[in-house]
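Take each task first, then compare your steps with the solution.

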Amino acid sequence: MADVLCKCSGRRNCYAVNELLFEIRKSRNGFKNLRNVSTIVFSPYKKKISKWRSIMGKNSRVFSMDAREKSRSLILKSSKQKRVPVFVMMPLDSFGIDTLGTPRIKKIKALSVSLKALKLAGVHGIAVEVWWGIVEHTSPHAYDWSLYEELFKLISEAGLKLHIALCFHSNVHLSSQHKGSVSLPFWIQKIGAIDRDIYYRDQHGNFCDDYLSLGVDELPLFCGRTALQCYEDFIFSFLDKFDLLIGHVIEEISVGLGPSGELRYPAHAYAGGRWRFPGIGEFQCYDKYMMEDLRIAACLEGRPQWGGKGPQDAGCYNSSPSGVPFFEGGQRSFLSDYGHFFLEWYSGKLLHHADAILGKAADMLKKYQQDDKTSVLLVAKIGAVYWWYQTLSHAAELTAGYYNTAQRDGYDPLALVLFRHGAALHISCLEMMDSETPPGISCSPEGLLQQLQAVSKRRTISLTGRNYNERFDKAGLQQIQANCYNPEAESVRSFTYFRLSGNIFKAENWCNFVPFVRNMNAEQ
């Protein structure tokens, strides 16, 4: 134990350990595997573990457009950091609804013990999803932050920092057996019951109600507000409510930009069993508002005939690129003038959406950047669409809205948007290896990551990331560390482990996880 604990604070730390173990024994309803914590957190190491210190220092800023000239040197300087703080995301089923319909934290005692164990293991902070569907559930502007006030207090009292993910999507179709599912606000659902076209729609008429269509971004359909105004008001209310925590406890804020919080279309939708991996997915532009926008764009291009529908001969959700005309070659393929027009419009809608929301968020965060002690990192998430990556068309990326092909870097325009607003890029495949992917479907998560690392370095934006799948094996954790400290790329700014569950405290898993966290904290 002496090798791990700081000598000058040994008595205090020993007291904390005894207190933790006492609470673990009392917590009968908590994670069963917490009994392993006492034997693993303090296992002796041959190398002395340096005392953790925060890396969120004076260069961790969000930059407005007025400060663009300064951002290049500052971001480059901050990206040379030696340590990568580790956040752990809250469990999916952290919340429940009581008999009065009020959201409550579930198993609060077990959660408190878990947080203390993570802190002692060297975890820097907790990632918390803040749901639009919970806070503004009943009616417009009726924000109820009580659940998050209680949760943030619990986390901060454990000595942990916060990464906040503002979620404007629903996870009902992503949750197994609707476990921990959160829908869009009830008043939004009532509007959607009358006008289904506020949601994304595919060529078959299937709607996806996980996120509002980009076609309604600037239409006042939501009790006099546009979708963008709804998001802006929510962000403002959050910052106003938790003003004193920003930059002190809350160190990172990611703003939801689409399904699963990622800037993309729901082209690979699980709902109704429509899509299965590794299908190429389908374009999501058939709601009436998106189609009207497409018609206007086609007329401005001088090709009104291009505005009547999306790409034809583009296959279906579970097609592979081979044999699908739009993703091969030909007169109306992705390589044609029509293909270029459509994909520029389709991806451009995503870029405009990100530019609008991140711009508002960055403006609201300006006041916190006046003092280095309260700086906070603004984060934008994208999807890790790594299947069919090694083909000419990158079909699965095209349907998701990333105009990225073997001949075109589709992530560079996005990086420019992020640079303009001082936002970091969050990616979610840091543990994945090409050698572990199924053969025959041209997967390359490593190739995708290398491309994103290259574009982030070129455009001087920071990277943050997480794992795609739950991994506790040494190979997976070592891959994460290697990607975070890639000598040929800038260091990853922070890493979020996805996500907290009872599995993390199983003896074998904990034995691997704790050294991983300590290694991420150590000088590289």
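Helices here are DSSP runs of H or I with at least four residues, numbered from the N terminus. Keep in mind that the model is predicted.

**Exercise 1.** Find what the end-to-end span of helix 13 should be, and look at what follows the helix.

*Solution.* Start with the expected span, which is 1.5 Å times one less than the number of residues.

**Exercise 2.** Which residues of helix 13 are buried, and what covers them?

*Solution.* Apply the cut-off first: buried means under 20% relative accessible area. In helix 13 this picks out Pro-445, Gly-447, Leu-448, Leu-449, Gln-451, Leu-452, Gln-453, Val-455 and Ser-456. Then look for the cover, which includes helix 11, helix 12, strand 10, strand 11 and helix 14.

**Exercise 3.** Work out how helix 14 and helix 15 are oriented to each other, and which residues meet.

*Solution.* Begin with the geometry: helix 14 (474-484) and helix 15 (507-521) pack at about 10 degrees, with axes 10 Å apart. Angles under 35 degrees count as roughly parallel, and helix 14 and helix 15 are therefore roughly parallel. Now list the contacts: Lys-474, Leu-477, Ile-480, Gln-481 and Cys-484 of helix 14 meet Asn-512, Phe-513, Phe-516, Asn-519 and Met-520 of helix 15. Sorted by class, this contact has six nonpolar, three polar and one charged residues.

How values were computed:
Residues numbered from 1 in each chain as written. Predicted model: local features only at pLDDT ≥ 70, side-chain atom pairs only at ≥ 80, totals over all residues. Heavy atoms only, no water. Axes fitted to C-alpha atoms, helices over the stretch in contact; angles between N-to-C directions. Helix = DSSP H or I, 4+ residues; strand = E, 2+ residues; numbered from the N terminus. Parallel < 35°, antiparallel > 145°, perpendicular 65-115°, else oblique. Contact = heavy atoms within 4.5 Å. Nonpolar A, V, L, I, M, F, W, Y, C, P; charged D, E, K, R; others polar. Buried < 20%, exposed > 50% of the residue type's maximum accessible area, 1.4 Å probe, protein only.
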